[in-house]
Amino acid sequence: MVSPDPNSTNLAYDSKIEGNVTFTQLDAAINWMRKNSLWPMPMGLACCAIELMATASSRYDISRFGAEVMRFSPRQADVMIVAGTVTYKMALAVKRIWDQMPEPKWCIAMGACASSGGMYRSYATLQGIDKLIPVDVYISGCPPRPEALIEGLMKLQEKINNEESTMDLKKMPAAEQV
């Protein structure tokens, strides 16, 4: 086989590289990486936690969405899934764990109790986790099925995909960017 002449003009175009180069925006690349590698912090507080566990089983396979790595350390998680009834006694622990999670972080309120207190209208039950931490996706049901949690994850992925991840850095002073 004869090697081509290095001075030849035919070397300017290589058809083997054509399909391997992709042009995109930095925000789109960062958001693609973030949405496909969500690491949930499960806060299973009541019966919804059973459905949360079922979502990780082989029948529903949450790993298709890159969220199979359940992290029980808040410093390694970026999505908190609050599943179940949040009492005032447990609320401070949930808030402490939320504060320990690194930015960017998101929250899913799973079930009627986490979203609005559910059927518990008592002095001991927090009437929605959104009174304590910001919620990105609400999942209805008592308890919601695993398919509903998967749909909620897909909604969160859509939300993450539409974020402007680097625009916030441009607005911050240089000293805060470190």
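Two residues are taken to be in contact when heavy atoms of each lie within 4.5 Å. The structure described here is a predicted model, in which local features need pLDDT of at least 70 and side-chain atom pairs count only at pLDDT 80 or more, while totals for chains, interfaces and linings use all residues. Residues are numbered from 1 along each chain as its sequence is written, and side-chain values use heavy atoms, with hydrogens and water left out.

The protein chain has six helices and four strands, where helices (H or I, at least four residues) and strands (E, at least two) are DSSP runs numbered from the N terminus. Along the sequence these elements follow the pattern α-β-α-β-α-β-α-β-α-α. Of the 178 residues of the protein chain, 37% count as buried; buried means under 20% relative accessible area, exposed over 50%, and partly exposed in between, with a 1.4 Å probe and protein chains only. Among contacts between residues at least 6 apart in sequence, 79% join residues at least 24 apart.

M43 touches M80, I81, V82, A83, M90, V94 and I97, when residues up to four places away in sequence are not counted. M43 also belongs to the largest nonpolar core, which has 18 residues; M43, M80, V82, I129 and I133 touch the most other members. A nonpolar core is defined as a set of buried Ala, Val, Leu, Ile, Met, Phe, Trp, Tyr and Cys residues joined through side-chain atoms within 4.5 Å. At least two residues of this core are supplied by each of β1, β2, α3 (88–100) and β3, and its largest share, four residues, comes from α3. Another core, of 17 residues, lies apart from it and includes L38, V79, L153 and I160. In soluble globular proteins, nonpolar side chains tend to be buried together.

The residues C48, A49, E51, L52 and T55 of α2 are buried. They lie on the same side of α2 because they cover an arc of only 160 degrees around the axis, the arc being that of the directions from the helix axis to the C-beta atoms. On the other side of α2, I50 and M53 are exposed. An α-helix has 3.6 residues a turn, so residues three or four places apart point the same way. The buried residues of α2 pack against β1 (40–44), β2 (79–83), β3 (106–110) and α5.

The packing of α2 with helix α5 (residues 146–161) occurs at an angle of about 70 degrees, with the axes 8 Å apart. Axes are lines fitted to C-alpha atoms, for helices over the stretch in contact, and angles run from 0 to 180 degrees between N-to-C directions. The angle makes α2 roughly perpendicular to α5, given that angles under 35 degrees count as roughly parallel, over 145 as roughly antiparallel, 65 to 115 as roughly perpendicular and the rest as oblique. In this contact, E51, L52, A54 and T55 of α2 meet P146, L149 and I150 of α5. The residues of the contact divide into five nonpolar, one polar and one charged. Here Ala, Val, Leu, Ile, Met, Phe, Trp, Tyr, Cys and Pro count as nonpolar, Asp, Glu, Lys and Arg as charged, and the others, Gly among them, as polar.

C48 is located in helix α2 (residues 48–55) and counts as buried because its relative accessibility is 4%. Leaving aside neighbours within four places in sequence, C48 is in contact with A83, G84, M110, G111, P143 and P144. The C-alpha atoms of C48 and V82 are separated by 8.9 Å, although these residues are 34 apart along the chain.

One of the contacts of C48, P143, lies in the loop between β4 (137–139) and α5. The peptide bond from C142 to P143 is cis, with omega near -20 degrees. A cis peptide bond also joins E103 and P104, with omega about -10 degrees, and P104 is in the loop between α3 and β3. In the loop between α2 and β2, D61 has a positive phi of about 55 degrees although it is not a glycine. Most residues other than glycine have a negative phi, and most peptide bonds are trans. D61 counts as partly exposed, at 28% relative accessibility.

V135 is found in the loop between α4 (112–116) and β4 and is buried, with a relative accessible area of 15%. Residues touched by V135 are C107, A109, I129 and D130, not counting those up to four places away in sequence.
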